[in-house]
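Reader: Could you walk me through this protein, one piece at a time? I am new to reading structures.

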Amino acid sequence: MSTDGERIAKRIARAGVCSRREAERRIFAGRVSLNGRALRDPAVNVGPDDLVEVDGATLAEPEPVRLWRYHKPAGLVTTDRDPEGRPTVFDSLPSHLPRVISVGRLDLASEGLLLLTNDGALARELELPARGWVRRYRARVRGRVDEERLARLAEGVEVVGERYGPIAASLDEQRSGNAWLTLSLAEGRNREVRRVLEYLGHPVNRLIRIAYGPFQLGNLPRGAVAEIRRKTLREQLGRKV
């Protein structure tokens, strides 16, 4: 057991066995041993020489940190298990992928770029507002759009007592009953685009995320997954991974 190192639940998650939360549940259930002794406290750090076993099996070496682009179709929820039994993103992924988690979420009706990683710490890092990564969306909305009102979103807006930060929004195409918009925002809070546009009187009937920070959806087919090169990931993070 190490006073430095990393938390044992994180080590288990990095080895691809399960999530950190599930690892903690297994520890509390007595299913994890450390150096031959059963462990029931997840507040333990382990070093490279510690022997960790889960359900009697020796923990494998941690996998390298990896990141993928995924083109999420509409109609999938971004969760491991859905209590309503709806299909999930993780049900639809190719079988060759290791256990992955999402970087942020896209709601059931939204589609487009979703980043996936095998490392929980990386997911949390990429979600931090302090990183300042812009999320870009294309939205099809109902009604005729007032471009002046749209431009004022750059000053931020309050919707039913909740303050949203600046959104850069532009009108791409206006048809008789619908319009296409492009929006860029840094916060990316739950259903932010939908709530703000509905507040302006333009319910969203299609929402596609086309970029998350430096990573683009591009021409990735719907339902497809493409790994981001480690060199690219290192360049964007500004550190080794």
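**Starting at a proline**

Author: P129 counts as exposed because its relative accessibility is 63%, where exposed means over 50% relative accessible area, buried means under 20%, and partly exposed lies in between, with a 1.4 Å probe and protein chains only. This is a predicted model, in which local features need pLDDT of at least 70 and side-chain atom pairs count only at pLDDT 80 or more, while totals for chains, interfaces and linings use all residues. Residues are numbered from 1 along each chain as its sequence is written, and side-chain values use heavy atoms, with hydrogens and water left out.

Reader: Where does P129 lie?

Author: P129 sits in the loop between α3 (120-127) and β10; helices (H or I, at least four residues) and strands (E, at least two) are DSSP runs, numbered from the N terminus. In space, P129 and G188 are 8.8 Å apart, C-alpha to C-alpha, although 59 residues separate P129 and G188 in sequence.

Reader: And how many helices and strands are there in the protein?

Author: The protein has 6 helices and 17 strands, and its C-alpha trace spans about 70 × 40 × 35 Å along the principal axes. Of the 241 residues in the protein, 44% are buried.

Reader: Which residues have the most contacts inside the largest nonpolar core?

Author: Those are L116, V141, L150, L153, L183 and L197, in a core of 31 residues. A nonpolar core is a set of buried Ala, Val, Leu, Ile, Met, Phe, Trp, Tyr and Cys residues joined through side-chain atoms within 4.5 Å. The elements that give two or more residues to this core include β9 (111-117), β10 (135-142), β14 (178-185) and α5 (192-199), and β14 gives the largest share, 4 residues.

Reader: What does L150 touch?

Author: Leaving out residues up to four places away in sequence, L150 touches V145, A169, S170, L171, L181, L197 and L200, where a contact means heavy atoms within 4.5 Å. Apart from this core lies another, of 20 residues, among them L122, A123, F215 and A226.

Reader: Back to α5, which of its residues are buried?

Author: The buried residues of α5 are E192, V193, R194, V196 and L197. An α-helix has 3.6 residues a turn, so residues three or four places apart point the same way. After α5 comes G201, whose phi is positive, near 90°.
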